[in-house]
Amino acid sequence: MENGEYTIEVSMEGGTGRASITSPTTLIVEDGSATAEIEWSSPNYDYMIVDGETYLPVNDEGNSVFEIPVSGFDEEMTVVADTTAMSVPHEITYTLVFDSSSMQETGGAGVSANETALTIVVAVVVVVVILLVYRNFRKKRI
């Protein structure tokens with residue numbers, strides 16, 4: 001896969017069936033590695049374990065969101081997620097499947113909205129400075 005940002009359908013099995021994840025999800029491909037953004041239907045997940053590695057949420061508010069590596073497509077990928085929704089925390093095993101036929105490039109791997117806004121502000125400042133210098137130069141010549 002080429003570097004970039006994609007959306008991809010992801011299915012999940014396991015647990016009690018009360019929790020779900022958002023699908024499609026965002027998939028970032030960089031240097032041959034894929035990372036998925038997994039958003040749970042609950043704010044009560046405090047970590048995920050993927051291939052023995054622990055991942056913490058990337059957000060502080062709303063439903064729990066994790067950025068996890070994707071080990072493959074169109075095959076079952078086992079993950080463990082710890083929920084604090086019950087009286088005591090529970091690690092629950094889930095199976096995720098990322099459907100490669102659903103991948104669509106979003107074009108989001110380019111410039112962020114903040115970078116775009118900053119570029120526009122800098123361009124406006126440069127134009128204003130040029131106009132002021134030009135105006136000042138013309139006054140001195142007259």
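Which backbone nitrogen does the side chain of Ser102 reach? The views below of this predicted model include the answer.

**View 1. Ser102 and Glu9.** The side chain of Ser102 reaches the backbone nitrogen of Glu9 at 2.8 Å. Ser102 sits in strand 8 (residues 90-105); strands are DSSP runs of E, at least two residues, numbered from the N terminus. Ser102 counts as buried because its relative accessibility is 18% (buried means under 20% relative accessible area, with a 1.4 Å probe and protein chains only). Beyond neighbours within four places in sequence, Ser102 is in contact with Thr7, Ile8 and Glu9 (contact: heavy atoms within 4.5 Å).

**View 2. Ile38 in strand 3.** Strand 3 (residues 33-39) holds Ile38. Ile38 has a relative accessible area of 1%, so it is buried. Not counting residues up to four places away in sequence, Ile38 touches several residues, among them Ile21, Met48, Phe66, Leu96 and Phe98. Thr26 is 12 residues from Ile38 in sequence, and 8.0 Å away in space, C-alpha to C-alpha.

**View 3. Confidence along the chain.** The mean pLDDT of the chain is 88, and 91% of residues score at least 70 (pLDDT is the predictor's confidence in each residue, from 0 to 100). Strand 5 (residues 53-55) is highest at 97. Helix 1 (residues 113-141) is lowest, at a mean of 74 (helices are DSSP runs of H or I, at least four residues).

**Notes.** Residues are numbered from 1 along each chain as its sequence is written, and side-chain values use heavy atoms, without hydrogens or water. Local features need pLDDT of at least 70, side-chain atom pairs count only at pLDDT 80 or more, and totals for chains, interfaces and linings use all residues.

Definitions and conventions. Buried means under 20% relative accessible area, exposed over 50%, partly exposed in between (1.4 Å probe, protein chains only). A polar contact is a pair of N or O atoms within 3.5 Å; within protein, one must be able to donate a hydrogen and the other to accept it, and residues adjacent in sequence count only if both atoms are side-chain atoms.
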